[in-house]
Amino acid sequence: MKRCSELEVALAATLWKLWCRRSPVALARFCASGSAFHPQLANLGRYLAGHFPRQAGGRLSLSRFDELLLRQLSREWITSTRVFTNAVRENLGLHAWLAHMGDLYVPKRLLEWARHGQGRIVECEERPERPSEMSRWSFRWHPGGEAILDALPSLGDAPPVSIGGAVAYDAAHPWVCRLDAAGTPYLSRPGAAPASDRPA
């Protein structure tokens, strides 16, 4: 076992303090500016930004993670186990998220979608005789629910997500993910001028 250097300890402490803030902007900027110093910082910045709804012009859309997750649904019932195995097999990006978050995040997030709006977008079905959370619940689109993949009508149409000290899809204190000229995701308030929020 190797002890962390003073620099590594200071970096970890800084990241933790930034992660716990109610505003995610400082952490996103830190990750963007420090990515050349430590390549994993860029990955952390993309991970953070990927939980927030996206804004391009005046149009809102789901977070990258929610889009990838919900694209696994259809009009047929599907268990969390099948969602997870499909993500691994198809290798379209969702599997990389779940490698960090774990398989149990699939039923957790889908249940949040089903319970937010009483199944108006995602429906769920419980089979209590199945002991595993991965097979106990099945999910499918509510008729017309898949339209949310094309556009997010409002922040209140999606269940909130706590990420660090901030909350994604919080209509009272909204944050959105945008892309700078180089295609790097960053976080800002909806409608903020792009240049004023672009990471340094």
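Visitor: Helices here are DSSP runs of H or I with at least four residues, and strands are runs of E with at least two, both numbered from the N terminus. In those terms, where is Tyr169?

Guide: This is a predicted model. In it, Tyr169 sits in the loop between E7 and E8.

Visitor: Buried or exposed?

Guide: Tyr169 has a relative accessible area of 3%, and buried means under 20%, so Tyr169 counts as buried.

Visitor: What about its phi?

Guide: The phi of Tyr169 is positive, about 65 degrees, although the residue is not a glycine. Most residues other than glycine have a negative phi.

Visitor: And Gln118, what is its phi, and where is it?

Guide: Gln118 is not a glycine either, and has a positive phi of about 55 degrees. Its place is in the loop between H7 and E4. Gln118 is at 72% relative accessibility, and the cut-off for exposed is over 50%, so Gln118 counts as exposed. In the stretch just after H7, Gly117 takes a positive phi of about 90 degrees.

Visitor: Staying with H7, how many of its residues are buried?

Guide: Eight of the 11 residues of H7 are buried, so the helix is mostly covered. They are Tyr105, Val106, Pro107, Arg109, Leu110, Leu111, Trp113 and Ala114.

Visitor: What does H7 pack on?

Guide: First the sheet itself: it is open, with three strands in the order E3-E5-E4 and antiparallel pairing. Strands E3 (78-79) and E4 (122-126) are at the edges with a single partner strand each, so one side of each has no neighbour in the sheet. H7 packs on this sheet, touching E4 and E5, and its direction makes about 115 degrees with that of E4.

Visitor: How many bridges between E4 and E5?

Guide: Five, with E5 covering residues 137-141 and running antiparallel to E4. One of the partnered residues is Val122, whose bridge partner in E5 is Trp141.

Visitor: Core next. Which residues touch the most other members?

Guide: In the largest nonpolar core, which has 50 residues, they are Phe52, Leu70 and Val122. Helix H7 (residues 105-115) gives the largest share of this core, six residues.

Visitor: What is Phe52 in contact with, leaving aside close sequence neighbours?

Guide: Beyond four places in sequence, the contacts of Phe52 include Pro24, Ile163, Val167, Trp175, Cys177 and Leu187.

Visitor: How do E8 and E9 pair?

Guide: Strand E8 (residues 176-179) and strand E9 (residues 185-188) pair in the antiparallel sense over four bridges. Their hairpin has five residues between the strands, and Gly183 there takes a positive phi near 85 degrees.

Visitor: Change of topic. How many aromatic pairs?

Guide: The structure holds three. One of them, Phe65 with Tyr105, is tilted, at 5.5 Å centre to centre and 55 degrees between the planes. Phe65 is in helix H4 (residues 64-70) and Tyr105 in helix H7, 40 residues apart, so this pair links distant parts of the chain. Both residues are buried. Ring pairs link Tyr47, Phe65, Trp97 and Tyr105 into a cluster.

Visitor: Last one. At what angle do H1 and H2 cross?

Guide: Roughly 145 degrees, for H1 (residues 6-19) and H2 (residues 25-33), with the axes coming within 8 Å. Leu11, Thr14, Leu15, Leu18 and Trp19 of H1 make the contact with Ala26, Leu27 and Phe30 of H2. By class, that is seven nonpolar residues, one polar and no charged.

Key: Residues numbered from 1 in each chain as written. Predicted model: local features only at pLDDT ≥ 70, side-chain atom pairs only at ≥ 80, totals over all residues. Heavy atoms only, no water. Core = buried A, V, L, I, M, F, W, Y, C linked by side-chain atoms within 4.5 Å. Buried < 20%, exposed > 50% of the residue type's maximum accessible area, 1.4 Å probe, protein only. Contact = heavy atoms within 4.5 Å. Axes fitted to C-alpha atoms, helices over the stretch in contact; angles between N-to-C directions. Nonpolar A, V, L, I, M, F, W, Y, C, P; charged D, E, K, R; others polar. Pairing = 2+ DSSP bridges. Phe/Tyr/Trp six-rings, centres within 6.5 Å; stacked < 30°, edge-to-face > 60°.
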